[in-house]
Amino acid sequence: MAKRWDAGGRLRGMQLSEKIRITDTNLSRLDEAAASLSEKREALLCEKVRAFVSDISNEYPEDVCEQLIRDEHFPERFSEMTERQITVPEDMLSSAEIASALRTMQHTERVSLCQRLAHINDRIYKIAASRNANSWERDYRSDENEPYGGAWIAAITDLVKEEDHIEDDTAPDLDVRAPRPVGDRVAYLRNTYTDRAYSRFQTVLHHTTAAYYSDFPGVCEALYYDRASACILPMENSVDGKLLRFYSLLMKYDLRIACTCSVTTEDTDVTTRYALLRKNVCVPRPAECEDWEGLYLEFRAVLRDEHPLSELLCAAAQYHLTLVRVDTIPMDYDDGERTYDLIFRAQNTEDLDSPAENGDIAAMLTYLYLCVPQFTLFGVYLAV
């Protein structure tokens, strides 16, 4: 067999480094062409967003949330209107690989559309005219000194807002009921470590009083039946991992995570994560908390084979959310669905020169509403 290398370690006829350099030069030219195509694609996506919201008033942000994002019929329409037939000429080399790449690009388009819809009416993003085409630009002047400021609070609140409860029209004009006490009444099963968790949560609460119960279902029922405004449950520990029993209670009583903290025992070094639970999703205000360790988004997603977990994780990465934990939830049957509990942490660069790198929870929530068959939002919360 003829040798391909000479005594100096070079390919006969041309050095290896020269071959690589020529190849990289050609690839860079393709990168430039792809960048130009991507710019055109972004302009077309802006036009598609305008088409989605063309019949909706821009006066109130909740119009887009209620009439599109959280409308029960829109996800199916969104899927239909963002699905295109992918055709690759059969005589092309690597046609299967090209078709796969185009399918991935189509999902990336959906991810981008969800982000645009999430911010169509707030001041975090805006459609602005640029020299070559319409582009999506970050406008953070209203929250210049606060990454999670008023615009962020408004956007998340609109997305997670609970349905309004219509009061009974037959109620008397004069409300003679005793007023509720000011502050929070927190229910929990008392021991040394839940006492510590309660003390930690007091840093983000005001005028709290503790209510002690003898079992965990009683703790949850106190909140469910309004005998308390919050309760505390352990959610995971460093020995057993995720505590499914307590997540079952969270689901049974339809409770939501408002804040978490970790407590470590001195004798065993076991760390337990406790959650402060409320009846509804509460949008956290990091500016009001002096010492917080992170901002988290937690939910349960039911995925089908045609919507794999990998797509959801790709969307989260594009929104600058870091995966902290994922658990597969056991099911009693197998019909092509998989249930996952996921926790993401919002990246926060606190760098005003590149604010778009902050974690975009609003975009992720929009993606869940429009692209995930079924999900349950456990909470958007701070860890203290």
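A: The model is predicted, and the count of aromatic pairs in it comes to 12. One of them joins Phe52 and Phe74, whose rings sit edge-to-face, with 5.8 Å from centre to centre and 85° between the planes. Because Phe52 belongs to helix α1 (residues 16-52) and Phe74 to helix α3 (residues 74-81), this pair ties together parts that are 22 residues apart in sequence. Phe52, at 10% relative accessibility, counts as buried, and Phe74 is buried as well, with a relative accessible area of 3%. Together with Phe78, Phe52 and Phe74 form one aromatic cluster.

Another pair is made by Phe216 and Phe246, again edge-to-face, with 4.7 Å between the centres and 80° between the planes. Phe216 lies in helix α7 (residues 216-224) and Phe246 in helix α8 (residues 244-252), so the pair ties together parts that are 30 residues apart in sequence. Both Phe216 and Phe246 are buried.

As for the helix contact, helix α4 (residues 95-118) packs against helix α9 (residues 309-318) at an angle of about 50°, and their axes are 10 Å apart; that angle makes α4 oblique to α9. The crossing of α4 and α9 is right-handed. On the α4 side, His107, Thr108, Val111 and Ser112 meet Glu311, Ala315 and Gln318 of α9. By class, this contact of α4 with α9 has two nonpolar, four polar and one charged residues.

How values were computed
Residues numbered from 1 in each chain as written. Predicted model: local features only at pLDDT ≥ 70, side-chain atom pairs only at ≥ 80, totals over all residues. Heavy atoms only, no water. Axes fitted to C-alpha atoms, helices over the stretch in contact; angles between N-to-C directions. Helix = DSSP H or I, 4+ residues; strand = E, 2+ residues; numbered from the N terminus. Parallel < 35°, antiparallel > 145°, perpendicular 65-115°, else oblique. Left-handed = near helix turned anticlockwise from the far one by under 90°. Contact = heavy atoms within 4.5 Å. Nonpolar A, V, L, I, M, F, W, Y, C, P; charged D, E, K, R; others polar. Phe/Tyr/Trp six-rings, centres within 6.5 Å; stacked < 30°, edge-to-face > 60°. Buried < 20%, exposed > 50% of the residue type's maximum accessible area, 1.4 Å probe, protein only.
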